[in-house]
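Hi,

Here is the structure I promised to pass on.

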Amino acid sequence: MPKLKICGLKRPVDISYCNPLAIDYVGFIVDFPKSQRSITIDTLKQLSQDVDPKIQKVGVFVNYPLEVIADLLNEGVIDIAQLHGQESPADIIYLQNLTNKSIWKAFAINEASDLAKAKASPADQILLDYKEAGSGKSFNWELLEDFDRPFILAGGLNATNIQVAMTQVHPAGLDLSTGVENQGYKDPDKIKEIVRMVKNV
Ligand SMILES: O=C(O)c1ccccc1NCC(=O)[C@H](O)[C@H](O)COP(=O)(O)O
């Protein structure tokens, strides 16, 4: 059964929607004002305290200072860092050496050569996404036909395509944001429906 990540939480009520459900990860977009889901580090610290301990907290960062990310990991504010910018393999290894926590790297998939970079990444987990993160759009999943490294699938997942994603693409995990929103806010019914479809509960 794939792992499930609900990303882009920004309000206490979003945490309360996720806590009772069979969700593996919740994601926070940290200090990236270009995103309507961005939250400050102070808000991250407040929301983080409310997350049920069975759910791992993923901080999503775009070209953010690595030492600040390491502090958030080492202080337990987040459990996992998802690097969603142009961070290099050397940046990932540097961050892995600053902390013993899991470091994920997101890759925008446009063509087969993007998958070669993802496969070679030193990241603890890779996440394959559409080129415009958080846009609710999917990349061409046919590119993944012969891809043989476990990955988290992101980009445009929702209740209408998640079954196909699971049966045809076989990801280790599924990451949703726009697909569980209504007018820019997380929707509890949409989240519950996705949990039911992915976890059979
Ligand atoms: O969600 C954002 O606004 C965002 C902005 C900048 C970097 C990453 C961002 N999201 C990262 C995620 O993990 C999203 O869940 C992923 O891109 C899928 O989003 P969606 O297509 O909306 O389901």
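**What I found**

Glycine 27 touches Lys5, Ile6, Cys7, Gly8, Leu9 and Val58, leaving out residues up to four places away in sequence; contact here means heavy atoms within 4.5 Å. Its place is in strand β2, residues 25-30. Helices (H or I, at least four residues) and strands (E, at least two) are DSSP runs, numbered from the N terminus. Glycine 27 is buried, with a relative accessible area of 0%. On that scale buried means under 20% relative accessible area, exposed over 50%, and partly exposed in between, with a 1.4 Å probe and protein chains only. Isoleucine 78 is 51 residues from glycine 27 in sequence, with 9.3 Å from C-alpha to C-alpha.

Before the rest, some ground rules. This is a predicted model, in which local features need pLDDT of at least 70 and side-chain atom pairs count only at pLDDT 80 or more, while totals for chains, interfaces and linings use all residues. Residues are numbered from 1 along each chain as its sequence is written, and side-chain values use heavy atoms, with hydrogens and water left out.

**The chain as a whole**

You'll find seven helices and 11 strands in the chain. The radius of gyration is 16 Å, which agrees with the value near 17 Å that a compact globule of 201 residues would have. That radius is taken over C-alpha atoms, and the globule rule is 2.2 Å times the number of residues to the power 0.38. The C-alpha trace spans about 40 × 40 × 30 Å along its principal axes.

Buried residues account for 52% of the 201. Of the contacts between residues at least 6 apart in sequence, 52% join residues at least 24 apart. The accessible surface is about 9500 Å², and carbon and sulfur atoms hold 49% of that; areas come from the Shrake-Rupley method with a 1.4 Å probe, and for residues only the protein chains shown count as cover.

As for charge, there are 21 positive and 26 negative ones, and their mean positions lie 3 Å apart. Lys and Arg count as positive and Asp and Glu as negative, with His and the chain ends not counted. Each charge is placed at NZ of Lys, CZ of Arg, CG of Asp or CD of Glu.

**Two buried aspartates**

Aspartate 175 sits in strand β9, residues 173-176, and is buried at 7% relative accessible area. Its side chain makes a polar contact of 2.6 Å with the side chain of lysine 5. A polar contact is a pair of N or O atoms within 3.5 Å; within protein, one must be able to donate a hydrogen and the other to accept it, and residues adjacent in sequence count only if both atoms are side-chain atoms. Beyond four places in sequence, aspartate 175 also touches residues including Cys7, Gln82, Leu127 and Ile152. Lys5 and Cys7 turn up among the contacts of glycine 27 as well.

Aspartate 114 belongs to helix α5, residues 112-120, and is buried too, at 11%. Its side chain reaches two backbone nitrogens: that of asparagine 110 at 2.7 Å and that of glutamate 111 at 2.9 Å. Setting aside neighbours within four places in sequence, aspartate 114 is in contact with Ala108 and Ile109.

Valine 77 is in the loop between α3 (66-74) and β5 (80-83) and counts as buried at 9% relative accessibility. Lysine 45 is 32 residues away from valine 77 in sequence, yet their C-alpha atoms are 6.0 Å apart. Valine 77 touches Lys45, and among its other contacts are Leu44, Ser48 and Lys57.

Most residues other than glycine have a negative phi. Asparagine 63, though not a glycine, has a positive phi of about 50°; it lies in the loop between β4 (56-61) and α3 and is partly exposed at 42%. Histidine 170 also has a positive phi, near 55°. It is found in the loop between α6 (162-169) and β9, and at 57% it counts as exposed.

Lastly, glutamate 193 lies in helix α7, residues 188-199, and is partly exposed at 32%. Its side chain makes a polar contact of 3.1 Å with that of arginine 196.

Cheers
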